[in-house]
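Here is a brief report on side-chain packing and pairing. Have the model at hand while reading.

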Amino acid sequence: MKLKNFLSLPIFSVFFVMGFVYYITVFILIEDWVGLQTSAGSLNSMIFTTLVCLCVLSFLVGVLTDPGRVPSSYIPDVEDTSFASDQEPKKNVLQSKYCDKCAAYKPPRTHHCRVCKRCILRMLACGLMMLALSVTLGTLLGWHIYLITHNMTTIEYYEGIRAAWLAKKSGLSYRHPFDISVYKNITLVLGPNTLRWFCPTSMSHLKDGVSFPTLRDSS
């Protein structure tokens with residue numbers, strides 16, 4: 001990623017929020033609570049600093065790692081409709097696989113990124129102020145835990161709402177086709193090694209980003 005993109009306003013804003021939360025928590029909240037010079041204060045600040053470092057490391061890995069691109073030789077399988085709802089005809093499915101901006105077909109779970117300007121394989125934002133930040137970060141954490149346990153992206157979540165509505169309208173039921181099981185969903189995202197879940201920097205378990213296991217594969 002180019003330096004000018006790395007120093008963009010959204011990325012700077014994330015670092016600013018992280019630094020602000022860290023300063024408020026350590027130098028105001030913990031200092032006023034038990035004091036940084038005490039053993040309890042040192043322990044709490046060390047634990048929180050470790051968590052912040054892991055958060056910054058994960059963010060840097062996400063920012064600096066190339067998101068990948070669709071292989072130029074990729075051609076969609078017209079007969080493969082495992083990722084589509086039963087209400088969609090094959091013609092619409094094939095049309096949904098085509099990106100007008102890239103003028104090329106895209107694999108399932110691929111979306112066009114306006115920042116990278118190309119299709120990205122599986123697109124993975126004291127006192128009352130401190131309370132508001134804690135609630136916001138906690139909500140964001142809970143939201144991403146929900147997405148990971150259901151093996152879906154944010155875009156797929158909103159697409160699933162429409163698919164569920166269409167299925168209900170037709171008297172059918174809908175389930176996200178890549179939602180296999182909670183444990184398998186987590187291992188597909190974070191890897192099979194549970195010791196690395198708290199430091200998600202390993203990507204050796206990720207495949208080509210073109211094909212994914214589905215419910216039909218496990219049935």
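Does D179 count as buried or exposed? D179 counts as buried, at 10% relative accessibility. The model is predicted.

## Salt bridge

A search of the whole structure turns up one salt bridge. R175 pairs with D179. Their closest N and O atoms lie 3.9 Å apart. That falls within the 4 Å cut-off for a salt bridge.

The two partners can be described by their accessibility. R175 is partly exposed, with a relative accessible area of 47%. D179, at 10%, is buried.

## Nonpolar core

The largest nonpolar core has six residues. They are V70, Y74, C99, C119, L121 and V210. C119 is buried, with a relative accessible area of 4%.

Leaving aside residues up to four places away in sequence, V210 touches P71, Y74, P107 and P108. Of these, Y74 is also a member of the core.

## Cysteines

How many disulfides does the structure hold? It holds zero. A disulfide is a covalent bond between the sulfur atoms of two cysteines.

C119 and C99 both belong to the largest nonpolar core. The cysteine sulfur closest to that of C119 is in C99, 3.5 Å away. The cut-off for a disulfide is 2.5 Å, so the sulfur of C99 is too far from that of C119 for a bond.

C53 is another cysteine to inspect. C53 is partly exposed, with a relative accessible area of 48%. C119, by contrast, is buried at 4%.

Terms used
Residues numbered from 1 in each chain as written. Predicted model: local features only at pLDDT ≥ 70, side-chain atom pairs only at ≥ 80, totals over all residues. Heavy atoms only, no water. Core = buried A, V, L, I, M, F, W, Y, C linked by side-chain atoms within 4.5 Å. Buried < 20%, exposed > 50% of the residue type's maximum accessible area, 1.4 Å probe, protein only. Contact = heavy atoms within 4.5 Å. Salt bridge = Lys/Arg side-chain N within 4 Å of Asp/Glu carboxyl O.
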